[in-house]
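Dear colleague,

Please find below the structure we discussed handing over, followed by a summary of what was found in it.

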Amino acid sequence: EWNFGGFPVWLKYVPGINFRTDNGPFKAAMAKFTEKIVAMMKSEGLFESQGGPIILSQIENEYGPVEYYGGTAAKNYLSWAAQMAVGLNTRVPWVMCKQDDAPDPVINACNGFYCDYFSPNKPYKPTMWTEAWTGWFTGFRGPVLTDCEDCFAVQVIRRWILVTTIVPWGTNFGRTAGGPFISTSYDYDAPIDEYGLLRQPKWGHLRDLHKAIKMCEPALVSGDPTVTKLGNYQEAHVYRSKSGSCAAFLSNFNPHSYASVTFNGMKYNIPSWSISILPDC
């Protein structure tokens with residue numbers, strides 16, 4: 001969502017170039033750019049394998065819909081991009097979002113409002129939500145769309161997955177705006193708006209969600225949960241560690257009414273379409 005898709009304009013004048021497909025001039029330029037960025041990161045010791053903070057790398061972006069119409073050349077380009085990236089030896093995983101056929105060892109990930117339904121293309125790959133959309137862009141002559149903080153939080157918790165939440169967004173000024181008739185205001189109803197101000201209650205609700213999940217960490221990373229039905233729409237997902245840590249998630253997926261449930265001998269009133277987190281069971 002940037003002018004010319006973020007590509008430098010001079011790139012279109014390279015003889016024989018055809019973007020994002022099995023094309024020699026484009027692949028040469030893409031490899032040169034990717035190698036330069038990776039070399040810069042390595043020189044600063046930024047990858048986790050070097051003791052730095054970068055735990056993942058991404059190659060391409062939402063190429064799946066493009067590949068659908070691109071035929072054999074698109075599939076060949078996808079395979080090449082994956083091999084090129086992995087060959088740079090960052091020693092951290094590479095991901096491709098919206099790419100159901102991402103070749104091993106690249107991890108395919110979900111972008112969207114709701115990714116609780118998503119599973120990777122191989123059982124040994126982690127489930128990842130690389131773009132958790134906290135709202136939606138504003139189009140010219142279109143409505144200003146919003147997403148409630150409770151709805152978004154429930155989607156995050158329904159599947160315990162690695163989530164990269166879109167928290168701040170910004171404004172593209174003048175001719176930098178891109179995409180399908182997107183206005184220059186591009187803050188996606190985000191928890192932090194285009195002026196750097198907190199949008200409440202969304203910001204506070206998601207902050208508290210992250211705090212609660214952090215409190216559950218010892219149990220969450222120890223294994224899969226035990227799931228118990230508490231009613232027609234209600235469940236308890238309980239995580240336990242060998243050291244005795246316990247975390248429970250009490251869900252009520254009835255969209256219309258709250259539910260009263262009993263868990264560990266205690267009664268809880270759970271609001272409609274919500275999940276209550278008990279960091280110590």
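Please note that this is a predicted model. I begin with helix α1, whose buried residues are covered by elements that include α2 (64-86) and β2 (94-97).

The buried residues of α1 are F26, K27, M30, A31, T34 and V38. Because they cover an arc of only 125° around the axis, they lie on the same side of α1. On the face turned away from that buried side, α1 carries the exposed residues K32, F33, K36 and S43.

The length of α1 (residues 24-43) also agrees with expectation: at 1.5 Å a residue, its 20 residues should span 28 Å, and its end C-alpha atoms are 28 Å apart. At the start of the helix, a side-chain oxygen of N23 comes to within 3.0 Å of the backbone nitrogen of F26. After α1 comes G45, which has a positive phi, near 65°.

Turning to the nonpolar cores, the largest has 23 residues, and L209, F249 and I277 have the most contacts inside it. Two or more residues each are given to this core by β4 (128-132), α3 (149-158), α4 (202-215), α5 (217-220), β10 (246-252) and β13 (274-278). The largest share, 5 residues, comes from α3.

Leaving aside residues up to four places away in sequence, F249 touches I157, C216, L220, E235, A236, H237, Y239, I275, S276 and I277. There is also a second, separate core of 22 residues, which includes A31, I59, W94 and A102. Of these, A31 is also among the buried residues of α1.

With kind regards

Terms used: Residues numbered from 1 in each chain as written. Predicted model: local features only at pLDDT ≥ 70, side-chain atom pairs only at ≥ 80, totals over all residues. Heavy atoms only, no water. Core = buried A, V, L, I, M, F, W, Y, C linked by side-chain atoms within 4.5 Å. Buried < 20%, exposed > 50% of the residue type's maximum accessible area, 1.4 Å probe, protein only. Helix = DSSP H or I, 4+ residues; strand = E, 2+ residues; numbered from the N terminus. Contact = heavy atoms within 4.5 Å. Expected span 1.5 Å × (residues − 1). Arc of directions from axis to C-beta. Polar contact = N/O pair within 3.5 Å; in protein donor to acceptor, adjacent residues only side chain to side chain.
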